[in-house]
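Colleague: I have a chain open here and would like to go through it with you. Can you start with the surface and then take my questions as they come?

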Amino acid sequence: MSVFRMGRMAMVVTVAMACQSDGVSGPIRDFAYSAATLSCGPAGGPATAFYLAPEPVGSIEPPKPFVRIYVAAAVEQLSGHAWQLSVGSSEGAAWLHSLDGSYETATSGYMIVSSVGSDRTVLGSVYLEFPDAGRVSGQFSATWIPGTVLCI
């Protein structure tokens, strides 16, 4: 890990700890369930997609509303890292899909992955800011949804 990335991660963790009173330490309000699955990354490489939803997530694209988070790394590479999730970030992005079929992109945010289990369960926390919906933040335990993705 580069010195720059380590410094950035330390800063994100410090901010997350300072914001614990704002909900970062508890479950994600309105999105208590989460899952992760394989996705396509840059140049057809591996990536990981996360889904946060108010009901258990049993498949890709759960019933709306849900938050979809994209991280440009394979699930095996996530543990112990912080990922910037914002418009224009090369690390990842997040979208809130509303009941009416519309969606909005997070303008800023991050995801910290504390661990990835042998069954690919991902433990971590997320902090996202959406222009209209506001803040989505808290801890998650994302179960792995197996599947195959054709990346071109």
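Modeller: The protein chain exposes about 7,800 Å², and carbon and sulfur atoms supply 58% of that area. Accessible areas come from the Shrake-Rupley method with a 1.4 Å probe, and for residues only the protein chains shown count as cover. This is a predicted model, in which local features need pLDDT of at least 70 and side-chain atom pairs count only at pLDDT 80 or more, while totals for chains, interfaces and linings use all residues. Residues are numbered from 1 along each chain as its sequence is written, and side-chain values use heavy atoms, with hydrogens and water left out.

Colleague: What is the mean pLDDT of the chain?

Modeller: The mean is 83, and 82% of the residues reach 70 or more. pLDDT is the predictor's confidence in each residue, from 0 to 100.

Colleague: Where does it stay under 50?

Modeller: Over residues 1–25. The model has 33 contacts beyond four places in sequence for that stretch, a contact being heavy atoms within 4.5 Å. Where pLDDT is low, the predicted coordinates should not be read in detail.

Colleague: Which residues have the most contacts inside the largest nonpolar core?

Modeller: F50, I69, V71, M111, V126, L128 and F140, in a core of 26 residues. Strands 2, 3, 5, 7, 8 and 9 each give two or more residues to this core. A nonpolar core here is a set of buried Ala, Val, Leu, Ile, Met, Phe, Trp, Tyr and Cys residues joined through side-chain atoms within 4.5 Å. A second, separate core of seven residues includes A35, V57, F66 and I145.

Colleague: What does L128 touch?

Modeller: Leaving out residues up to four places away in sequence, its contacts include V67, I69, L85, A94 and A106.

Colleague: Switching to T48: buried or exposed?

Modeller: T48 counts as buried because its relative accessibility is 0%. T48 lies in strand 2, residues 46–53, and its side chain reaches the backbone oxygen of A73 at 2.8 Å. Beyond four places in sequence, T48 also touches other residues, among them A36, I69, L78 and W144.

Colleague: And V87, buried or exposed?

Modeller: V87 is at 59% relative accessibility and so counts as exposed. V87 sits in the loop between strand 4 (81–84) and strand 5 (92–97). Apart from neighbours within four places, V87 is in contact with T105, A106 and T107.

Colleague: Last topic. How many aromatic pairs?

Modeller: Three. Rings of Phe, Tyr and Trp (its six-membered ring) pair if their centres lie within 6.5 Å; planes under 30 degrees apart count as stacked, over 60 as edge-to-face and the rest as tilted. Y110 and Y127 form a stacked pair, 5.7 Å centre to centre with 15° between the planes. Y110 is in strand 7 and Y127 in strand 8, 17 residues apart.

Colleague: Why do Y110 and Y127 count as buried?

Modeller: Y110 counts as buried because its relative accessibility is 10%, and Y127 because its value is 15%.

How values were computed. Helices (H or I, at least four residues) and strands (E, at least two) are DSSP runs, numbered from the N terminus. Buried means under 20% relative accessible area, exposed over 50%, partly exposed in between (1.4 Å probe, protein chains only). A polar contact is a pair of N or O atoms within 3.5 Å; within protein, one must be able to donate a hydrogen and the other to accept it, and residues adjacent in sequence count only if both atoms are side-chain atoms.
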